[in-house]
Amino acid sequence: MFDHMSLGVRDLARATSFYDRVLAPLGMVRVMTFDEPTGTASAGYDYSGAADATDNAAFWLEERKGADIVCPPGFHLCFRAKDRAAVHAFHAAGLAAGGRDNGAPGLRPAYGPTYYAAFLLDLDGWRIEAVTYRPD
């Protein structure tokens with residue numbers, strides 16, 4: 001459905017340090033970093049080995065120096081996890097990298113019988129989640 005999505009961040013080096021750690025348990029890696037014509041920089045992430053990752057990336061961080069970054073009410077970004085262990089690793093990596101807990105790993109039966117997720121606030125306040133539907 002989506003080709004790619006990006007989040008604005010205040011400091012790209014700080015944000016990539018966080019997302020390198022948080023996305024690794026989900027099989028995602030930084031596939032490119034480049035300078036924008038505006039004088040800022042961007043970094044793109046995709047699944048390790050993704051066929052088109054050398055030309056594009058599914059998830060982007062775009063540096064917005066001096067910007068007031070505010071996560072809009074109702075917005076969050078959810079990444080797929082292969083299993084519950086990956087959800088736990090995502091959450092632990094986020095906390096270790098300076099993110100804030102926004103919902104510990106666990107079942108969310110209101111969303112479905114096997115909906116297993118964890119929620120974090122990243123370093124700029126974006127709400128992010130990892131989810132798996134696997135029953136183990």
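This is a predicted model: local features need pLDDT of at least 70, side-chain atom pairs count only at pLDDT 80 or more; totals for chains, interfaces and linings use all residues.
Local features need pLDDT of at least 70, side-chain atom pairs count only at pLDDT 80 or more, and totals for chains, interfaces and linings use all residues. Residues are numbered from 1 along each chain as its sequence is written, and side-chain values use heavy atoms, leaving out hydrogens and water.

**View 1. Helix α2 from end to end.** Helix α2 covers residues 84-96 (helices are DSSP runs of H or I, at least four residues; strands are runs of E, at least two; both are numbered from the N terminus). After the helix comes G98, with a positive phi near 105°.

**View 2. The buried side of α2.** Here you can find R84, A86, V87, F90, H91, A93 and G94, which are buried (under 20% relative accessible area, 1.4 Å probe, protein chains only). These residues pack against α1 (12-23), β6 (100-107), β7 (116-121) and β8 (127-132).

**View 3. α1 meets α2.** The two helices pack at about 155°, with axes 8 Å apart (axes are lines fitted to C-alpha atoms over the stretch in contact, and angles run from 0 to 180 degrees between N-to-C directions). That makes α1 roughly antiparallel to α2 (over 145 degrees). F18, R21 and V22 of α1 meet F90, A93, G94 and A96 of α2 (contact means heavy atoms within 4.5 Å).

**View 4. A97 in its loop.** A97 lies between α2 and β6 and, at 17% relative accessibility, counts as buried. Not counting residues up to four places away in sequence, A97 touches F18, R21 and L123.

Definitions and conventions: The expected span of a helix is 1.5 Å times one less than its number of residues. Buried means under 20% relative accessible area, exposed over 50%, partly exposed in between (1.4 Å probe, protein chains only). Angles under 35 degrees count as roughly parallel, over 145 as roughly antiparallel, 65 to 115 as roughly perpendicular and the rest as oblique.
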